[in-house]
Amino acid sequence: MVIRTGFRTMATLTAGAAIGLCCLAPASGSSASAPPPSPATGEQVSLRPGAPALPSELSALSFVVADARTGKVLAARDAHRRLPPASTLKTLFAVTALPHLRAEDRHTVSEQDLAGIGAGSSLVGVEAGHTYQVSDLWRGVFLSSGNDAVHVLASLNGGWEETAAQMQAQARKLGALDTEVVSPDGYDTPGQVSSAFDLAVFARAGLARPDFATYCSTISAQFPGDEGSYAIVNTNRLLSGNDGVTPYPGVIGVKNGYTSNAGNTLIAAARRGERTLLVTVMNPQAGGGFAVYEEARSLLDWGFGAWDHVDAVGSLESQQPAKASPRATRVQAAHVAAIKPELPMEGDDSNWPVAGSVAGGLAAAGTLVLLVRRRAVRRGGGRPAR
């Protein structure tokens with residue numbers, strides 16, 4: 001069954017607006033040593049006098065609040081806990097595949113392109129025999145969380161297994177050590193996990209690209225069909241305001257997800273003045289299906305309020321070389337080199353200053369991990385990624 005995300009007409013953010021939202025000045029500085037986590041909650045935060053306390057109502061199994069510009073982590077709960085990511089894993093898919101695929105190219109979809117889509121998957125409505133522009137397919141990924149669009153783009157990127165291997169290699173290059181990629185669309189598959197920390201790393205790398213930032217901040221678009229185009233609306237309700245969820249002021253996007261195994265997951269970025277925050281929230285245990293948005297809202301409010309009153313408890317920046325995973329070692333060396341993020345290096349006068357601050361950390365594989373005990377891998381599968 002095709003799951004379409006709504007037909008209400010809403011203004012689409014332009015590329016220029018997305019650039020304005022994500023334009024971050026480079027900054028330097030190392031993160032502070034992490035305090036021990038709270039034994040009761042696993043939370044890490046280093047409050048200075050007068051700092052607001054973390055919200056007390058948070059029920060998520062894991063979360064991270066980070067400064068998108070510097071990569072400094074302001075607060076976390078079980079940041080490296082390995083959990084099913086659902087469709088938030090599509091951020092890693094985009095970071096990996098966007099450099100390989102030209103937005104203006106067109107492709108006629110075959111039945112083989114759509115083979116293997118998991119039962120119950122969220123779909124944008126891609127149909128075999130129809131010709132799509134690559135940019136349309138990316139909007140299907142970011143707005144409708146369409147697993148059908150992911151399958152077609154993965155086919156253009158070398159195939160399903162090859163794309164999964166590229167994603168695994170890319171995760172390690174970014175210093176994301178908690179992630180194991182099995183299904184590029186985020187569909188529940190045994191052994192597929194990520195963490196709040198890694199998802200924040202992927203989002204930060206993505207926002208260094210104008211195309212990623214534009215797609216993830218688009219509220220609505222027209223998607224081509226056999227009988228004309230139809231409206232699709234972003235399933236990230238913190239951005240679209242659908243289903244009674246109030247949009248967050250200054251929200252940039254990034255990606256939401258849901259499966260029965262993962263619960264609700266969300267990566268959210270928002271800007272206030274010269275400050276941009278990244279928040280990841282994984283699997284709230286109370287409050288219903290929209291709790292992930294309200295907990296992200298609470299963490300964003302806290303982060304902007306506490307910005308000058310907390311010490312960092314870790315960093316999203318890569319610092320030490322990371323060991324390659326078995327999956328990553330199967331990717332040909334030439335292909336691995338080709339998927340290095342196309343980020344301006346330090347000192348570049350790009351319109352995307354965030355790239356300058358991110359590039360130093362992305363250039364070397366590895367990570368300065370939070371002092372959070374890593375948990376065992378959760379396994380489970382067979383449910384749709386949204």
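This is a predicted model: local features need pLDDT of at least 70, side-chain atom pairs count only at pLDDT 80 or more; totals for chains, interfaces and linings use all residues.
Tyr258 finds its bridge partner in strand β9, and that partner is Asn264. The pairing of β8 with β9 is antiparallel and runs over eight bridges, while the rings of Phe93, Trp138, Phe142, Phe212 and Tyr215 are linked by ring pairs into a cluster.

**Strands β8 and β9**

- Strand β8 covers residues 251-259, and eight of its nine residues are buried, so the rest of the structure largely encloses it.
- Strand β9 spans residues 263-272.
- To get from β8 to β9, the chain takes a hairpin through three residues.

**Aromatic pairs**

- Searching the whole structure turns up nine aromatic pairs.
- One of them is Phe93 with Trp138, a tilted pair at 5.4 Å centre to centre with 40 degrees between the planes.
- Phe93 sits in helix α2 (residues 90-97) and Trp138 in helix α3 (residues 134-142), so this pair ties together parts that lie 45 residues apart in sequence.
- Phe93 has 0% relative accessibility, so it counts as buried; Trp138, with a relative accessible area of 1%, is buried too.
- Phe142 and Phe212 also pair up, this time edge-to-face, with 5.2 Å centre to centre and 85 degrees between the planes.
- That pair links distant parts of the chain, with Phe142 in helix α3 and Phe212 in helix α7 (residues 210-216), 70 residues apart.
- Phe142 and Phe212 are both buried.

Key. Residues are numbered from 1 along each chain as its sequence is written. Side-chain values use heavy atoms; hydrogens and water are left out. Buried means under 20% relative accessible area, exposed over 50%, partly exposed in between (1.4 Å probe, protein chains only). Helices (H or I, at least four residues) and strands (E, at least two) are DSSP runs, numbered from the N terminus. Two strands pair if DSSP finds at least two bridges between them. Rings of Phe, Tyr and Trp (its six-membered ring) pair if their centres lie within 6.5 Å; planes under 30 degrees apart count as stacked, over 60 as edge-to-face and the rest as tilted.
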